[in-house]
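Subject: Structure handover

Hello,

Here is the structure I promised to pass on. Please open it and keep it beside this email while you read. My notes on its rings follow.

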Amino acid sequence: MVHFDNDYMAGAHPEVMRRLVETNLEQSVGYGFDEYSEEARQRIREACNAPDALVQFLVGGTQTNATVIDALLQRHEGVLTADTGHINVHESGAVEHSGHKVLTLPSHNGKVSVQDVSDFIRNFNNDDTYEHMVAPGMLYITQPTELGTLYNLSELESLSSLCHEHHIPLYLDGARLAYALASPACDFTLADIARLCDVFYIGGTKCGALFGEAVVAPNKALLKHFFSLVKQHGALLAKGRLQGVQFATLFTNHLYEQIGKHAIELALEVRRIFVSNGFKIAIDSPTNQQFFILPNTLIDHLQQYATFEYWGPRGDEESTVRFVCSWATTKEDVKLLEDAVLAF
């Protein structure tokens, strides 16, 4: 049985695990004030071309989104996002639980459009009863999106310009950022993201780490008292060195890039297998998530050999499914999947 359910089923990349084992018995101060965490911060600042950025490590993606959004918003404000956005669909109301409303916009293949964001803000400001309404206080996007699609550089620049015009922060969820940067459709760099986004995070959990995410704020003044908020949200790790070691390793010798490239190559091979055998693509994704519309008979057959996820409810005759590759996916895994498809 091979596994294509998601990109965090395995533990950590072997190089990350090796460094964790090597440093396991060292004694260090807690909460990310150790030398490894500082090394990781410096490596991330260099990669982002943001020498003065705040870099804070948190334990997971949901905690990161809830904490950052809570830090950026005033009490009467909400966060704009696509209706397919992770904070709206797959975080169990974590943002609402912190006291902020998720304000949804139409999804265009997982993305928000500049026009929709502009219209929402304009309509809010032109409403005579706006003081009775939740104000749009920030924009949340993901890269890649929940549907595996990408904002190109021009779209990022336009969204950034619009947000700054209206004095609201642009926040980018980078849970799968390694796979965005490695995609053949990518026309931006990590430095571009740091230049255009007010806050973003570099995903570790889905990109080779055991756990952990790195929040980056090029203008650290935007996240006042952030350390205390991280602790308040239960996202601060006492043994902070564990995150420092992992991110220092991921940003040594281009490992983060290599992890993304490996997963993308195999994901596109999975795409080839289904397309070349006449099956339909559900979403045109250039990243490590691939979506297909398959006959239920084929799905039932493949489930004898591989695990993967339905994307939505099972249909009467055919269904949409998702296959995900990661650093841990092997060529042998993909070959076994291909053999199973051909045997159908």
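Start with a charge and a ring. Lys111 sits over the face of Tyr151, 5.8 Å from the ring centre. Bear in mind that this is a predicted model.

Next, the ring pairs. How many aromatic pairs does the structure hold? The count is 12. Two of them are described below.

Take Phe124 and Tyr130. Their pair is edge-to-face. Are the two residues buried or exposed? Phe124 is buried, at 9% relative accessible area. Tyr130 is partly exposed, with 37% relative accessibility.

Now look at Phe308 and Phe323. This pair is stacked. Centre to centre, the distance is 4.5 Å, with 20 degrees between the planes. The planes are under 30 degrees apart, so the pair counts as stacked. Phe308 is buried, with a relative accessible area of 10%. Phe323 is buried too, at 1% relative accessibility. Both values are under 20%, so both residues count as buried.

Which residues do ring pairs link into a cluster? They are Phe4, Phe274, Phe279, Phe292, Phe308 and Phe323. The stacked pair of Phe308 and Phe323 is therefore part of that cluster.

Best wishes

Conventions. Residues numbered from 1 in each chain as written. Predicted model: local features only at pLDDT ≥ 70, side-chain atom pairs only at ≥ 80, totals over all residues. Heavy atoms only, no water. Phe/Tyr/Trp six-rings, centres within 6.5 Å; stacked < 30°, edge-to-face > 60°. Buried < 20%, exposed > 50% of the residue type's maximum accessible area, 1.4 Å probe, protein only. Lys NZ or Arg CZ within 6 Å of the ring centre and 35° of its normal.
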